[in-house]
Amino acid sequence: MTTSKTNPREPHALPYYITDPTPLPSHIPSVPEIGATSAPLLSASYFVGARCAPYNEDFMLCRSQSRSGEIDCLKEGRRVTRCAISVLEDINKNCQAEFRKHWGCLENENHDLSRCRLDEAPLNACVAKFLNLTKVIPNSDGTPINDYETPSFFKNKVKAKYEQ
Amino acid sequence: MIPFEALLPYGVIIIMFGVAGTGMSAAKLLREGGNKPRVHRDAWDKMMMERDMRLTKEYRKQSDEPMAPEEFKTSSVWRASRIWDD
């Protein structure tokens, strides 16, 4: 064995896969998991953040303060999951077409939000109208993303493109 | 005036480049389900794509269901590595 103080364990390339089909114990309330995959979740993430901010912050605070991480914070985690599921249900009920267009664009563009602004504007408008949720960048001054100031050289071109 | 026979090799070269490029592009689109390939994948993207595979059982197929099927709760796979004790 080529172990030493600086390399206490030999590196191995072959992984060893662990699966565990046992369900959670019955004393823990069962909550459905979120069924959205990565692109719809990214598209809806700012709306989930707008509605579920208290629950999310609760969970993050609990997790950072607990010694074992998520195991002590299962109740807060259940609240987070339920709130996110409610946001996704509402978006699917009211704005499904715009939602699908936006995450279809994201899936094509390597999940780069800045390349899908044209599809994002109608989604933001629809969600603001039906769900009263606005997308706000945290730690910023709160201007909507489609109203950012453009440099004057590009102003006329960009304004004509994004004006709906 | 250049005889057309002299330009035939150029035509052949251009057509071969075109076929190769189109074939590569078509193979990539076929693999990725009509989307452009994912690039610059970091650990987060790999983790999310593995989760997508567990949810939809197909490479790069997305679903916007609010709730996951029951079997998703116990379908996680963890990787470990063996420590040999000689």
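Reader: Which residues in α1(A) meet which residues in α3(A)?

Author: Before that, a word on the model: this is a predicted model, where local features need pLDDT of at least 70, side-chain atom pairs count only at pLDDT 80 or more, and totals for chains, interfaces and linings use all residues. Residues are numbered from 1 along each chain as its sequence is written, chains are lettered from A and ligands numbered from 1 in the order in which they are written, and side-chain values use heavy atoms, with hydrogens and water left out. Now, contact means heavy atoms within 4.5 Å, and helices are DSSP runs (H or I, at least four residues), as strands are (E, at least two), numbered from the N terminus. In α1(A), A:A39, A:P40, A:L42, A:S43 and A:A44 meet A:F99, A:H102, A:W103, A:L106 and A:E107 of α3(A). By class, that contact has seven nonpolar, two polar and one charged residues. Here Ala, Val, Leu, Ile, Met, Phe, Trp, Tyr, Cys and Pro count as nonpolar, Asp, Glu, Lys and Arg as charged, and the others, Gly among them, as polar.

Reader: At what angle do α1 and α3 of chain A pack?

Author: Axes are lines fitted to C-alpha atoms, for helices over the stretch in contact, and angles run from 0 to 180 degrees between N-to-C directions. For helix α1 (residues 38–65) and helix α3 (residues 96–108) of chain A, the angle is about 115 degrees and the axes are 9 Å apart.

Reader: And how do α3(A) and α4(A) pack?

Author: Their angle is about 145 degrees, with the axes 9 Å apart. On the α3(A) side you'll find A:E98, A:F99, A:K101, A:H102 and A:C105, which meet A:D119, A:E120, A:P122, A:L123 and A:C126 in α4(A). This contact divides into five nonpolar, one polar and four charged residues.

Reader: Why does the length of α4(A) agree with what it should span?

Author: The expected span of a helix is 1.5 Å times one less than its number of residues. Helix α4 (residues 117–130) of chain A has 14 residues and should span 20 Å; its end C-alpha atoms are 20 Å apart, so the two agree.

Reader: Does a residue count as buried or exposed, as with A:T81?

Author: Buried means under 20% relative accessible area, exposed over 50%, and partly exposed in between (1.4 Å probe, protein chains only). A:T81 has 16% relative accessibility, so A:T81 counts as buried. A:T81 lies in helix α2 (residues 74–94) of chain A and, leaving aside neighbours within four places in sequence, is in contact with A:V31, A:P32, A:E33 and A:I34. A:D58, found in helix α1 of chain A, counts as partly exposed because its relative accessibility is 37%. Setting aside neighbours within four places in sequence, A:D58 is in contact with A:E76 and A:R79.

Reader: What is phi of B:H40?

Author: Most residues other than glycine have a negative phi, and most peptide bonds are trans. B:H40 has a phi near 50 degrees, a positive value in a residue other than glycine. B:H40 sits in the loop between α1 (4–31) and α2 (43–56) of chain B, and counts as exposed because its relative accessibility is 77%. B:R60 has a positive phi too, of about 65 degrees, although it is not a glycine. B:R60 lies in the loop between α2 and β1 (64–67) of chain B and, at 8% relative accessibility, counts as buried.
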